[in-house]
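Have the sequence and the model open side by side as you read.

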Amino acid sequence: MKKILISFVIIALIVASANAQQLPMYGQYIFNSSVINPAQAGARGDNQAGLLGRYQWVGIDGAPTTHTAFANLSLPHDLGLAFGIYQDQLGPLRELTLQTDVAYSARISHEWYLSGGLRTVLNHLYMDYNALADGIDTSDPLFHEDINSGLRFNVGAGLLAFTDRHFVGISLPRAINVANKNGHDVAHHFFFYGGSTIDINREFTVSPSAIFKKSTMAPAQIDINGIVSYDQMIDFGPMIRSNMAKGVVDAIGFVAGYHFLENWYFGYMYEHPVNRVRLASRQTHEISLRYQWFGSRNSHFRAPRFFLNDRRRR
């Protein structure tokens, strides 16, 4: 009975995903916010490149997985450039996405700076229903033809306002509602987020942050994090994700990070579902590794310290 329930849940998720493809979900967005907002390109004031893997609902066959390679570069004249390659898989559904961001930052007051970014997106979605032959009714017309979206184009935009202690951002990473040749819609998305860095003493800081996520074809969510940093070397703090449409908590967990060998940063997130998914799986893991280095940028603005997370700038 449990296997039948799990198969039903996965099939329902796959069909929903094919009809309303969503952006991949990350727990460590605060460490690499260019994933959700093109205005973050170059906002760190240095350069970084990295890898990220998310393994959701471990133990369920066909559960969502995401693999990402990204780079975020600070250029002269207060420009920023970011690249990302994302591969998402949910059962037999696979999506490959390539995105490029360009941003410009300017001072708007004594403490505040504003960055505006534009994004171009190319992605391809494919689903092989033959992989579901053991778990579906093959006589259903819905499963007669594989989904192959072809190459799809989209655009996005975002704004980021920040000081060296506070930040607030808003973005539409995929601003256009499009339908592929199979008639499956791709919804646009909206993100609104912000946070602060508060000094406790010379060694400890606390960085609360929250992100609101909304899609035209999915319920609104809000993620809340509270990261405690020691000596800008070790990060740790709780996270909570809630479904605003139902007024319930979907998941709880923690985020951790370690800055080592001067230029390297390792990140980890554990997430425990508290909704019905817990009947089948009790864990989601997210692992990231990034490399930071200083470029030749001659910028007059100060990036948010939490984004920097670099003890060499103390």
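Two strands count as paired if DSSP finds at least two bridges between them. Strands themselves are DSSP runs (E, at least two residues), numbered from the N terminus. Keep in mind that this is a predicted model, where local features need pLDDT of at least 70 and side-chain atom pairs count only at pLDDT 80 or more, while totals for chains, interfaces and linings use all residues. Residues are numbered from 1 along each chain as its sequence is written, and side-chain values use heavy atoms, with hydrogens and water left out.

**β12 to β14**

- Strand β12 (residues 204-215) pairs with strand β13 (residues 218-230) in the antiparallel sense, over eleven bridges.
- On its other listed pairing, β13 runs antiparallel to strand β14 (residues 234-243) over eight bridges.
- Ile 222 is a handy landmark in β13: Phe 212 stands opposite Ile 222, and Ile 222 stands opposite Ser 242 in β14.
- The β13 and β14 hairpin has three residues between the strands, and Asp 231 there takes a positive phi near 55°.

- Strand β15 (residues 248-260) and β16 pair in the antiparallel sense over ten bridges, with Met 269 in β16 as the bridge partner of Val 255.
- The hairpin of β15 and β16 has three residues between the strands, and Leu 261 takes a positive phi near 50° in this hairpin.
- β16 also pairs with β17, again in the antiparallel sense, over eight bridges; here Gly 267 stands opposite Ser 288 in β17.

**The two faces of β16**

- In a regular strand the side chains alternate between the two faces of the sheet.
- Strand β16 (residues 264-273) has a covered face made of Tyr 265, Gly 267, Met 269, Glu 271 and Pro 273.
- The uncovered face of β16 carries Trp 264, Phe 266, Tyr 268, Tyr 270 and His 272.

**Around His 285**

- His 285 is found in strand β17 (residues 284-293).
- Contact means heavy atoms within 4.5 Å; leaving out residues up to four places away in sequence, His 285 touches Gly 53, Arg 54, Tyr 55, Val 58, Tyr 268, Met 269 and Tyr 270.
- His 285 and Gln 56 sit 229 residues apart in sequence, but their C-alpha atoms are 6.4 Å apart in space.
- A polar contact is a pair of N or O atoms within 3.5 Å; within protein, one must be able to donate a hydrogen and the other to accept it, and residues adjacent in sequence count only if both atoms are side-chain atoms.
- The His 285 side chain makes a polar contact with the side chain of Tyr 268 at 2.7 Å, and a polar contact of 2.7 Å joins the side chains of His 285 and Gln 283.

Definitions and conventions
Helices (H or I, at least four residues) and strands (E, at least two) are DSSP runs, numbered from the N terminus. Buried means under 20% relative accessible area, exposed over 50%, partly exposed in between (1.4 Å probe, protein chains only).
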